[in-house]
Amino acid sequence: MIQAFAANWSHHQLVMDAWYSAQAGSRRPGGVERARQLECRNDFTVTNPKRVSALYDAFTRNGLPSFHHPDGSGYELLVERVLRLSPINSQVAAHLAIPLTKYKKLDSERSSLMPAGLQAIQVAAELPNDVLKIVSKALDEDSS
C-alpha cells in the first residue's frame, strides 16, 4: 500500500514530502535502513531542501527509536548527511546538525555518542560557517 500510494501521488511534491516524513518518522524497527532506502528513490534529491527536511526532520523528531538507537547508527547517519549536504546547502546542513546538539538531555550511553559525531563534523575540511557555528557552540558548551 505504501508503494502504491507513492506511485499514485508521485507528481504532487507536497504529498510526497508528507509521504517521506511518514516513512522516515515511523517507529517501526529498521529506521536507519529505511532512511537510506528512501534516499535511493528517483524522486529524492539532496538538492531539494524540502525533501531533505521532510525525511530527516521526521527521522530525528518522530523516528526516535531509530535515531537514538543504542548502537549510534542514527547519529552516524545524520553526521554523514550533514557532511554530505554542507557543500550543497549549508543552511539545510546546519539545520540537520541541531538534533545532534541535544545530547545533554539523554542518558549517558547515548549522550557519549553524539559529541563524537559533532567532533567528526567539526574537523571536516572546508566546513561552512553556519554548520561550524552550531557544532562548535554545542561542543564549547560541553567543555565549559
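This is a predicted model: local features need pLDDT of at least 70, side-chain atom pairs count only at pLDDT 80 or more; totals for chains, interfaces and linings use all residues.
Local features need pLDDT of at least 70, side-chain atom pairs count only at pLDDT 80 or more, and totals for chains, interfaces and linings use all residues. Residues are numbered from 1 along each chain as its sequence is written, and side-chain values use heavy atoms, with hydrogens and water left out.

Helices are DSSP runs (H or I, at least four residues), numbered from the N terminus. H2 holds 12 residues, 13–24. At 1.5 Å times one less than the number of residues, H2 should span 16 Å, and its end C-alpha atoms are 16 Å apart, which agrees.

Met-16, Asp-17, Trp-19, Tyr-20, Gln-23 and Ala-24 of H2 are buried (under 20% relative accessible area, 1.4 Å probe, protein chains only). They cover an arc of only 160 degrees around the axis, so they lie on the same side of H2. The arc is taken from the directions from the helix axis to the C-beta atoms. These buried residues pack against H1 (2–9), H3 (31–39) and H4 (49–61).

Two packed helices are described by the angle and the distance between their axes. Axes are lines fitted to C-alpha atoms over the stretch in contact, with angles from 0 to 180 degrees between N-to-C directions. The axes of H2 and H4 come within 7 Å and cross at roughly 25 degrees. H2 is therefore roughly parallel to H4 (under 35 degrees). Contacts (heavy atoms within 4.5 Å) involve residues including Tyr-20 in H2 and Phe-59 in H4.

The axes of H4 and H6 (73–85) come within 11 Å and cross at roughly 155 degrees. H4 is therefore roughly antiparallel to H6 (over 145 degrees).

Key: Helices (H or I, at least four residues) and strands (E, at least two) are DSSP runs, numbered from the N terminus. Buried means under 20% relative accessible area, exposed over 50%, partly exposed in between (1.4 Å probe, protein chains only). Angles under 35 degrees count as roughly parallel, over 145 as roughly antiparallel, 65 to 115 as roughly perpendicular and the rest as oblique.
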